[in-house]
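I opened this notebook to record what I looked up in one structure. The entries run from the whole chain to single residues.

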Amino acid sequence: MNNSMKTPLIRLAKREGMDKRTVWAIRVGSILLALLLGALVIAISGVNPFKAYGTIITGALGKKTAIRQTVKIAVPLLGCALAIAPCFKMRFWNIGAEGQITAGAIAASYFALYWVGKVPSAVLLLIMGAAGAVAGGIWALIPAFFKARWNTNETLFTLMMNYIIIGVVRWLQGGPWEGRPGSQIIPMFDQSAWLPEVFGVHCGWIIVLVLVVVMHLYMNYTKHGYEIAVIGDSLNTARYAGMNVGHVMMRTMFLSGAISGLVGFIVASGANNTLYDGVANGVGFTSITVAWLSQLNAFAMIVISALLAILEKGAETLQTAMQVPTSISDIVTGILLFCMLGCEFFINYRMIFRRKQAEAPAAPATPAAAESDQTESKEDASC
């Protein structure tokens, strides 16, 4: 059989020891390529690409109010990326951060709606934050328990739980927590349940920056972080080392859900001051991109979150100032994310193409075959 039939046309091989300058050159090149492709899309829509990019920057960073809005967008992205990082390092694919944010927001909202006046504002906020963290952790613990006990698919499990908890919010909007009959709107929180502002932005940004330091230390300098890394590298190695893999999974998922629930409290109390079914606003999914682009590095997540927040806020300004359709802004953002994620593929893997092989020489004839050939030739000659 031909060897070329056995060898695939393209094979992937893990890169090892790529120079840091080359790595950053690839990353910068991917961003430049994304900007070029985005400019092409903008130009096709009939808008000057240079003016469009300028509008995006000024719209996100040009004024104090714009900067504050950009920070508000970046805060939940950063917090949620920190939440899912330990799960992803453990190779536990937690796609349920959206639901865990919502669960935390529900728990925090209960105390914001029914405990106002019973305790001082500072105590109330602490209770709301703790309730959000516990609720998010419990919501994340459910799929972790099923994974540890029956080895269920965590990707589908966590994804489906997002829609369940969003349905709970919709039931609350039109039922027990409805403000006015028929409005299907939960009332605004009392100001005593609002997060205080620091430099014009709710203090949630301080909370997530503290979490950056805490998670960096937890992931890199603690026994728990070491266990997460070992399980992510090899389950068999972790079991051979005597680790209780199921226990570590559940503990890590509870931590992940608790941080996501805390983000839900920050969004409900700091940004929205109420609860509605879109409280997570897609943050749980976008944060996956933040985590991967940062290579699960807590400090790198700050930069990636800020970049995505600038793009989102700038795209809103681009839509209103230059009448650019929302779809164009989404396409430009998608191109940028695609190129940035794609470059990480070429940094970590290389493609090996199958080489054309020369035709194999004819097999040497056996003595019996050679004698047969000589006999046939003599017969042909006598004829």
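The entries below follow the order in which I consulted the structure.

**Entry 1: basis.** I note that this is a predicted model, in which local features need pLDDT of at least 70 and side-chain atom pairs count only at pLDDT 80 or more, while totals for chains, interfaces and linings use all residues. Residues are numbered from 1 along each chain as its sequence is written, and side-chain values use heavy atoms, with hydrogens and water left out.

**Entry 2: overall form.** I looked up the secondary structure and found 14 helices and four strands; helices (H or I, at least four residues) and strands (E, at least two) are DSSP runs, numbered from the N terminus. I then checked the radius of gyration, which is 29 Å for the chain, whereas a compact globule of 383 residues would have one near 21 Å. That radius is taken over C-alpha atoms, and the globule rule is 2.2 Å times the number of residues to the power 0.38. Along the principal axes, the C-alpha atoms fill a box of roughly 120 × 60 × 45 Å.

Entry 3: Of the contacts (heavy atoms within 4.5 Å) between residues at least 6 apart in sequence, 78% join residues at least 24 apart.

**Entry 4: cysteines.** How many disulfides does the chain have? The count is zero, a disulfide being a pair of cysteine sulfur atoms within 2.5 Å. For C87, the closest cysteine sulfur is in C80, and at 10 Å this is too far for a bond. C87 is buried, at a relative accessible area of 0%. For C339, the closest cysteine sulfur is that of C343, 8.6 Å away and likewise too far for a bond. C339 also counts as buried, at 10% relative accessibility.

**Entry 5: N273.** I located N273 in the loop between α10 (245-272) and α11 (283-293). Is N273 buried or exposed? N273 counts as buried because its relative accessibility is 11%. Beyond its neighbours within four places in sequence, N273 is in contact with M188, F189, W194, V267 and A268.

**Entry 6: W171.** I found W171 in helix α6 (residues 154-173). W171 is exposed, with a relative accessible area of 55%. I also noted that W171 and Q184 are 13 residues apart along the chain, with their C-alpha atoms separated by 8.9 Å.

Notes: Buried means under 20% relative accessible area, exposed over 50%, partly exposed in between (1.4 Å probe, protein chains only).
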